[in-house]
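Good morning, and thank you for making the time.

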Amino acid sequence: VQLQASGGGLVQAGGSLRLSCAASGRTFSTYAWFRQVPGSEREFVAAISWRGGSLDYVDSLKGRFTISRDNAKNTVYLQMNSLKPEDTAVYYCAAGARFMAKGAQMYDYWGQGTQVTVSS
């Protein structure tokens, strides 16, 4: 099983980025995005079920971030709009069997992380 995250980069505050997570090997119940800054724990951002269309977001990001999936491409996306400097972090995609879990420890597979830097 492999998860390949991409799409990070440097963007000015107010800008947008779309992260992609290409999955191979098998499908899982739930895919999620987390983010992490140095010295802090990995923070839940959003989750999506592979079937059924269930979505969940951390409350603080609702309305700015959107998670979606393309089952035909085995890819999960995170559209990030109106980015703020505090969104700067390494973003990780994850896959697991526990339905719509929010805890990082609930996920079995992780992508390598992609850096998002938002300048003020």
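**Aromatic pairs**

The structure contains eight aromatic pairs. A pair here means that rings of Phe, Tyr or Trp (its six-membered ring) have centres within 6.5 Å; planes under 30 degrees apart count as stacked, over 60 as edge-to-face, and the rest as tilted. Take Phe 34 and Trp 110: their ring centres are 5.1 Å apart and their planes stand at 55°, so this pair is tilted. The pair links distant parts of the chain, with Phe 34 in strand 4 (residues 30-36) and Trp 110 in strand 10 (residues 109-110), 76 residues apart.

Before I continue, the provenance. This is a predicted model, in which local features need pLDDT of at least 70 and side-chain atom pairs count only at pLDDT 80 or more, while totals for chains, interfaces and linings use all residues. Residues are numbered from 1 along each chain as its sequence is written, and side-chain values use heavy atoms, with hydrogens and water left out.

Are the two partners buried or exposed? Buried means under 20% relative accessible area, exposed means over 50%, and partly exposed lies in between, with a 1.4 Å probe and protein chains only. Phe 34 is buried, at a relative accessible area of 0%. Trp 110, in contrast, counts as partly exposed, with 28% relative accessibility. Trp 110 also forms an edge-to-face pair with Tyr 107, at 6.4 Å centre to centre and 70° between the planes. Tyr 107 is buried, its relative accessible area being 5%. Phe 34, Tyr 107 and Trp 110 belong to one aromatic cluster together with Phe 44 and Tyr 92.

**The chain as a whole**

Which secondary structure elements does the protein chain hold? It has eleven strands and zero helices. Its radius of gyration is 13 Å, close to the 14 Å that the globule rule gives for 120 residues, so the chain is as compact as a globular protein of that length. The radius is taken over C-alpha atoms, and the rule is 2.2 Å times the number of residues to the power 0.38. Along the principal axes, the C-alpha atoms fill a box of roughly 40 × 30 × 25 Å.

Of the 120 residues, 43% count as buried. Among contacts (heavy atoms within 4.5 Å) between residues at least 6 apart in sequence, 56% join residues at least 24 apart. The chain exposes about 6000 Å², of which carbon and sulfur atoms supply 46%; accessible areas come from the Shrake-Rupley method with a 1.4 Å probe, and for residues only the protein chains shown count as cover.

**Selected residues**

Let me now turn to single positions. Cys 93 lies in strand 9 (residues 89-96) and counts as buried, at 1% relative accessibility. Which residues does Cys 93 touch, not counting those up to four places away in sequence? They are Leu 3, Ala 5, Cys 21, Ala 32, Trp 33, Tyr 109, Trp 110 and Gly 111.

Ser 20 is found in strand 3 (residues 17-24), and at 17% relative accessibility this residue also counts as buried.

Asn 81 sits in the loop between strand 8 (75-80) and strand 9, and is partly exposed at 28% relative accessibility. Asn 81 and Arg 64 are 17 residues apart in sequence, and their C-alpha atoms are 5.1 Å apart in space. Leaving aside neighbours within four places, Asn 81 is in contact with Arg 64, Phe 65, Gly 15 and Ser 16.

Finally, two backbone angles. Asn 74, in the loop between strand 7 (65-70) and strand 8, has phi near 50°, a positive value in a residue other than glycine. Asn 74 is partly exposed, with a relative accessible area of 29%. Met 100 is placed in the loop between strand 9 and strand 10, and its phi is near 55°, again positive in a residue other than glycine. Met 100 counts as buried, at 14% relative accessibility.

Key. Helix = DSSP H or I, 4+ residues; strand = E, 2+ residues; numbered from the N terminus.
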